[in-house]
Amino acid sequence: MSDILMPKATAVWLVDNTSLSFEQIADFCGLHPLEVRGIADGEVARDIRGADPIGNGQLTREELDKAQAKPEYRMKAQVSRHAELLKPAKKAPRYTPVSRRQDRPDAIAWFLRHHPEVTDAQISKLLGTTKATIEQVRARTHWNAANIKPVDPVTLGLVGQLELDALVKKAAEKKAKDDLKKGILPEDPTLRPAAEAGQFEPEVEEEEDFRAKRGEIKAEDVFGKSTAYVDEEDED
């Protein structure tokens, strides 16, 4: 029997609109007969609106009529098109063209050098490689280790920039959480919590104290001493 959508809502509809036995409804909906009896007595699923299994493609009219005619008959659910749409799509394994497979060790080396926070499992899934190959590149035991050089996988055409950025961000956030659990703080935090940093209160010097320290301001302090030439005859 196929799993049906909204089993209790379907049971409510069948109780209200058919002459099926509690056992028939329970078998079709995957419920216990006592649950179906509780629905009929109004003790279970009071606020649930009935769902027509014929209208949503999970049961045919012929199958329902056959079950109502024979109490011992057990209905078979149809495969619902809605259920098929709700199934999560399984991603196919990443395929790397043969012409680019030789570039994967370079991309692995790039991750190991620039983003050590990215796990081997993430690198393996992103590049379509194996953990054994990653370990060989790390330990420099790869057959082509002498020619391997770190190259950005986006430049190599192995991944897209958005996909790479999302992976690096996810790995960095996970590492930060793990470090906090271990009591390791960021090396150079740009912002600190207000509770740790405290409030900054600049010292404001009173105007009277400021004037007292500076003393009386003279013209010489502002314009400097006069150096103009004075003629002796003008003085007379």
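Reply: Two rings of Phe, Tyr or Trp, the six-membered ring in the case of Trp, form an aromatic pair if their centres lie within 6.5 Å. The model discussed here is a predicted one.

Me: How many aromatic pairs does the structure hold?

Reply: The structure holds one aromatic pair.

Me: How is such a pair described?

Reply: A pair of aromatic rings is described by two values, the distance of the centres and the angle of the planes. Here the partners are Trp-110 and Phe-111, with 5.3 Å from centre to centre and 80° between the planes. Planes over 60 degrees apart count as edge-to-face, and the pair of Trp-110 and Phe-111 is accordingly edge-to-face.

Me: Are Trp-110 and Phe-111 buried or exposed?

Reply: Buried means under 20% relative accessible area. Trp-110 has 12% relative accessibility and therefore counts as buried. Phe-111 also counts as buried, because its relative accessibility is 0%.

Me: What share of the protein counts as buried?

Reply: The protein has 236 residues, of which 28% count as buried. Its secondary structure consists of 15 helices and zero strands.

Me: How should I read the packing of two helices?

Reply: Two packed helices are described by the angle between their axes and the distance between the axes. Take helix H1 (residues 7-17) and helix H2 (residues 22-29), whose axes come within 9 Å and cross at roughly 155°. H1 is therefore roughly antiparallel to H2, since angles over 145 degrees count as such. The crossing of H1 and H2 is right-handed.

Me: Which residues of H1 and H2 meet?

Reply: From H1 come Pro-7, Thr-10, Ala-11, Leu-14 and Val-15, and they meet Ile-25, Phe-28 and Cys-29 of H2. The residues of this contact of H1 with H2 comprise seven nonpolar, one polar and no charged. As a general point, an α-helix has 3.6 residues a turn, so residues three or four places apart point the same way.

Me: At what angle do H7 and H9 pack?

Reply: The angle between H7 and H9 is about 65°, and their axes are 10 Å apart. H7 is therefore roughly perpendicular to H9. The crossing of H7 and H9 is right-handed. H7 contributes Pro-105, Ile-108, Ala-109 and Leu-112 to the contact, while H9 contributes Thr-133, Ile-134, Val-137 and Arg-138. The residues of the contact of H7 with H9 divide into six nonpolar, one polar and one charged.

Me: Which residues of helix H8 are buried, and which helices do they pack against?

Reply: Helix H8 covers residues 120-127, and its buried residues are Gln-122, Ile-123, Ser-124, Leu-126 and Leu-127. The buried residues of H8 pack against helix H7 (104-114), helix H9 (131-139), helix H10 (153-156) and helix H11 (161-181). Just after H8 stands Gly-128, with a positive phi of about 70°.

Me: Where does Gln-78 lie?

Reply: Gln-78 belongs to the loop between helix H4 (61-69) and helix H5 (81-86). With a relative accessible area of 35%, Gln-78 is partly exposed.

Me: What is Gln-78 in contact with, leaving aside its neighbours within four places in sequence?

Reply: With those neighbours left aside, Gln-78 is in contact with Gly-57, Gln-58, Leu-59 and Thr-60. Consider Thr-60: it is 18 residues from Gln-78 in sequence, and the two are 7.5 Å apart in space, C-alpha to C-alpha. For the protein, among contacts between residues at least 6 apart in sequence, 62% join residues at least 24 apart.

Technical notes: Residues numbered from 1 in each chain as written. Predicted model: local features only at pLDDT ≥ 70, side-chain atom pairs only at ≥ 80, totals over all residues. Heavy atoms only, no water. Helix = DSSP H or I, 4+ residues; strand = E, 2+ residues; numbered from the N terminus. Buried < 20%, exposed > 50% of the residue type's maximum accessible area, 1.4 Å probe, protein only. Contact = heavy atoms within 4.5 Å. Axes fitted to C-alpha atoms, helices over the stretch in contact; angles between N-to-C directions. Parallel < 35°, antiparallel > 145°, perpendicular 65-115°, else oblique. Left-handed = near helix turned anticlockwise from the far one by under 90°. Nonpolar A, V, L, I, M, F, W, Y, C, P; charged D, E, K, R; others polar. Phe/Tyr/Trp six-rings, centres within 6.5 Å; stacked < 30°, edge-to-face > 60°.
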